[in-house]
Amino acid sequence: MAKKQLGVIFGSRTCEHEVSIISGVQLARAADREKYDVWPIYIAKDGRWYTGEKLLDIHTYTPFDPYAKGLTRVTLDLTAGSGALISYEQEKGLFAKGVVPVTVTKLDCVIPVMHGLHGEDGTLQGLLELANIPYSSTGVAGSAIGMDKIMMKQVFRGMGYPILPDVFALRSEWRAAPEAVIARVEQALPYPVFGKPACLGSSIGVSRANDREGLREALDLAFTYDRRVLIEKGLEHPIEVNCSVLGFDSEVRTSVTEMPTTSGGELLDFADKYLTGGGSKGMASLKRIMPAPVGDEMIHRIESLSAQIFRALDCKGVVRIDYMLTKNDELYITEINTIPGSMAFYLWQESGVSYPQLIDKLVEYAEKAFAEKNENNYAYTSDILNGVVLGGKKGGKL
C-alpha cells in the first residue's frame with residue numbers, strides 16, 4: 001500500500017510561533033514512517049512557506065535561514081482537491097523564459113500544529129476547506145470561537161456551562177478613557193481579576209491584578225497584544241485541571257485528567273508551560289500529576305463536561321480543555337485549546353495511546369470528516385442567470 005503524503009503545518013505569524021515549532025517538530029518526528037511520507041511545512045514569521053527534511057532539526061530555527069541548503073519555498077495550490085505543494089524554479093535551457101511551477105508533492109492529509117493567530121483561529125482551516133484537503137483540527141467556526149476568549153465565554157454562557165464572571169474592553173476605549181474602563185471593571189468584578197488578550201494562548205500577556213494600580217498595569221500589558229481584552233474574576237488558590245478529548249462526530253473519548261503544577265506562583269505562566277527543563281519538549285516538559293487528585297466524582301464531571309464541549313463546538317481531532325477548581329469543588333471552564341500544546345500527547349500516553357497511534361487517529365478523523373463533507377450537495381442548479389441583463393435582472397432587484 002502506498003504511503004500517505006502527510007503535511008504537518010506549523011509556525012506562522014503569531015506570538016506562539018516558537019511553541020508551534022516545538023509541537024510541529026515533535027509530531028512530524030513521531031509519525032510512523034512506514035505509513036506516511038511526512039512533509040514538514042513551516043510558515044515563517046514573514047508568512048512565507050517552506051518544506052524540507054531540514055525542518056525536522058530544531059536547530060534549523062536558531063536562527064532560521066530561508067536560503068539554507070535543503071529548504072524549498074512552497075505555496076499551496078488552492079484548486080479544490082489538488083493538494084499540491086508547489087515551488088517555483090528557474091527554467092533551464094536555451095529558450096528558458098523565467099520561473100516555472102513545479103509540484104513538490106500532492107498532500108493526502110494535513111495536520112495543523114498551529115498555536116494562536118493565523119493558524120489555530122480558523123484562518124488556516126478556511127484555507128484548507130477551500131483547497132478541499134482533509135485536515136485534522138476543529139473546523140472554521142469551532143476554531144474561531146475557541147481562539148477568541150470573549151466569544152468563547154459568550155457561547156459557553158449561552159449553553160449554561162460554568163464560567164467565571166467577566167467584562168471586556170477595547171483598546172480604543174482604553175486609550176480614550178482609561179479611568180472609565182477601570183470604573184466599569186470595578187463595578188462588575190471584585191479584586192483580584194485577570195487581564196487576558198482575547199486571542200492569545202500560552203498565558204502570553206496574562207496577568208493578575210489585586211488592586212486598581214495592578215489593573216492599570218495588566219490592561220496596559222494586555223492591550224499591547226490585542227485590541228480586545230477580557231477581564232475575568234480571579235479565584236483564591238484555585239487548582240488547575242485539564243482534560244483532552246479525541247474524536248469526530250459521534251466518536252468521542254476523553255483522556256486522563258491532569259493537574260499541572262507551577263513553579264511557585266498562582267498563575268501557570270509561559271515559563272511554567274514551556275521553559276521548565278529547558279523547554280525542548282514544549283507542554284510535555286510541564287510538571288503534572290496524573291490523574292489529578294480531585295476524587296472520582298469530580299473526574300467524572302470533568303470528563304463528561306469536556307465531551308459535551310467537544311460536541312457543542314463540533315470539534316475534530318484532539319483538543320484540551322482547561323478548568324479551575326476551587327476548594328469548595330466549584331468547577332469553571334478556563335478555555336478550550338483546539339490545537340493543544342504538544343497535541344496533548346502526554347495525556348494520551350497516560351491513557352494508553354502512544355503518540356504514533358494518536359497521529360493515526362488524527363488522520364483517520366480528518367479523512368472521515370472529509371468524506372462526510374463531500375457527501376453534501378454543492379450543485380444546486382437554477383435558472384436564475386437566464387434573463388439577467390446588464391444593470392440587473394429584468395423585473396427584479398439584482
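**View 1. E375, out in the open.** E375 counts as exposed because its relative accessibility is 63% (exposed is over 50% relative accessible area, buried is under 20%, and partly exposed is in between, with a 1.4 Å probe and protein chains only). This is a predicted model, where local features need pLDDT of at least 70 and side-chain atom pairs count only at pLDDT 80 or more, while totals for chains, interfaces and linings use all residues. Residues are numbered from 1 along each chain as its sequence is written, and side-chain values use heavy atoms, with hydrogens and water left out. Where does E375 sit? Look in the loop between α11 (355-373) and β17 (388-389); helices (H or I, at least four residues) and strands (E, at least two) are DSSP runs numbered from the N terminus.

View 2. How many salt bridges turn up in a search of the whole structure? The count is 25, a salt bridge being a side-chain nitrogen of Lys or Arg within 4 Å of a carboxyl oxygen of Asp or Glu. One of them pairs K3 with D37, whose closest N and O atoms are 3.9 Å apart. K3 comes from the segment before β1 (4-11) and D37 from strand β2 (residues 36-43), so to speak distant parts of the chain, 34 residues apart. K3 is partly exposed at 36% relative accessible area, and D37 is partly exposed too, at 31%.

**View 3. R212 and E179, helix to helix.** These two side chains meet in a salt bridge at 3.9 Å, N to O. R212 belongs to helix α7 (residues 212-222) and E179 to helix α6 (residues 178-188), so the pair ties together parts that are 33 residues apart in sequence. Both ends are partly exposed: R212 has a relative accessible area of 39%, and E179 comes in at 42%.

**View 4. K196 and E232, tucked inside.** Here the closest N and O atoms of the salt bridge are 2.8 Å apart. K196 lies in strand β9 (residues 193-197) and E232 in strand β11 (residues 228-233), a link between distant parts of the chain, 36 residues apart. Buried or exposed, K196 and E232? Both are buried. Shared partners extend the picture: salt bridges join K196 and E232 with K153, R157 and D166 into one network.
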